[in-house]
Amino acid sequence: MNVTIFEGFHHVLLEVTFALLPLLIFFIVFQLLFLKLEKKRILHILIGMLLSFLGLALFLQGVHVGFFPAGEVIGENLGGLSFNWVLVPIGFVLGFVATFAEPAVRIMNEQVEQISGGYISEKVMLYTLSIGVGVSIALSMLRILLGFSLWYYLIPGYALVLILMLLVSKTFIAIAFDSGGVATGPMTVTFILAIAVGVASAIEGRDPLLDGFGMIALVALAPILSVLLLGILYERKGRGKDEAESGS
């Protein structure tokens, strides 16, 4: 096995330890003072924390030695193509599958379905967020290719958000803004951002700092818009159902 795979791994272990240690201390204090859980339940929680520690450490190390370098190389090669317009559809596919595989998105969608009693299904939320992020990555690639400012997306986008907030219920507004946070998870940030930076560095006249970055801001905006639009569809469906029932 190549030893460079574990280069700097001790720093990753230290960072993850400092990140999870306060949670462990917090749990121990509550266990001693309030929770009083049985030993079997405590054992399950501690095993879960250990698995989280190992999983997070291995993931961060994989990002360091694999995701970032691979993303940059892929981006540089795609940006150097004579038909680099292909970045737009590729960006959509990458954004869709990255969100589809995002653990935080899965957890939030499951909670939405559970709390709403199945009214807002996990599957519908997953496809809504995945399509929204896919579109945002495609638009980000288009921005890199054409070289225009990020403001042309953000100002109209958030203006549209403010308008849509007047048309949907508070439930969908809350879900929408949380969706923007969970969509900007490790899958998107670690891999697709690296591709965007690689593309910007390969295209003449583009600055990786100015053009490569900024994509995450657009990714955070897209799920908000897509969930608010979903809320409008749900409310229209609900009104149509009520009208049909009252007519019958």
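Buried residues make up 37% of the 248 residues in the protein. Here buried means under 20% relative accessible area, exposed means over 50%, and partly exposed lies in between (1.4 Å probe, protein chains only). This is a predicted model, in which local features need pLDDT of at least 70, side-chain atom pairs count only at pLDDT 80 or more, and totals for chains, interfaces and linings use all residues. Residues are numbered from 1 along each chain as its sequence is written, and side-chain values use heavy atoms, with hydrogens and water left out.

**Confidence.** The mean pLDDT of the protein is 89. That score is the predictor's confidence in each residue, from 0 to 100. Of the residues, 95% score at least 70. Helix α6 (residues 151-165) has the highest confidence, at 95. Helix α10 (residues 215-247) has the lowest, at a mean of 82.

**Overall build.** The protein has ten helices and zero strands. Helices (H or I, at least four residues) and strands (E, at least two) are DSSP runs, numbered from the N terminus. From that end the elements read α-α-α-α-α-α-α-α-α-α. The C-alpha trace spans about 65 × 55 × 25 Å along its principal axes. Contacts are heavy atoms within 4.5 Å. Among contacts between residues at least 6 apart in sequence, 79% join residues at least 24 apart.

**Surface.** The protein exposes about 14,400 Å². Carbon and sulfur atoms supply 72% of that area. Accessible areas come from the Shrake-Rupley method with a 1.4 Å probe; for residues, only the protein chains shown count as cover. One nonpolar surface patch covers about 960 Å². Its members are Leu21, Ile25, Phe26, Ile28, Val29, Phe30, Leu32, Leu33, Phe34 and Leu35. Patches are made of residues with over 30% relative accessible area and no salt bridge; like charges are joined within 9 Å, and nonpolar side chains (Val, Leu, Ile, Met, Phe, Trp, Tyr) within 5 Å. A salt bridge is a side-chain nitrogen of Lys or Arg within 4 Å of a carboxyl oxygen of Asp or Glu. Leu32, one of the patch residues, sits in helix α1 (residues 9-35). Leu32 counts as exposed because its relative accessibility is 57%.

Lys36 lies in the loop between α1 and α2 (39-79). Lys36 is not a glycine, yet its phi is positive, at about 55°. With 55% relative accessibility, Lys36 counts as exposed.

**Aromatic pairs.** The structure holds ten aromatic pairs. Rings of Phe, Tyr and Trp (its six-membered ring) pair if their centres lie within 6.5 Å; planes under 30 degrees apart count as stacked, over 60 as edge-to-face and the rest as tilted. Two of the pairs are set out here.

| Pair | Centre distance | Plane angle | Class |
|---|---|---|---|
| Phe96 and Phe100 | 5.7 Å | 15° | stacked |
| Phe172 and Tyr234 | 5.6 Å | 45° | tilted |

Phe96 and Phe100 are four residues apart in helix α3 (residues 87-100), so about one helical turn separates them. Phe100 is partly exposed, at 25% relative accessible area. Ring pairs also link Phe92, Phe96, Phe100 and Tyr127 into a cluster.

Phe172 lies in helix α7 (residues 170-183) and Tyr234 in helix α10, so the pair ties together parts that are 62 residues apart in sequence. Phe172 is buried, at 3% relative accessibility. Tyr234 is buried too, with a relative accessible area of 11%.

Thr99 belongs to helix α3. Thr99 is buried, with a relative accessible area of 1%. Leaving out residues up to four places away in sequence, Thr99 touches Val105, Leu126, Leu129, Ser130 and Val133. Thr99 and Leu126 are 27 residues apart in sequence, and their C-alpha atoms are 8.1 Å apart in space.

Pro103 is in helix α4 (residues 103-115). Pro103 is partly exposed, at a relative accessible area of 46%. Pro103 and Val182 are 79 residues apart in sequence, with 8.8 Å between their C-alpha atoms.
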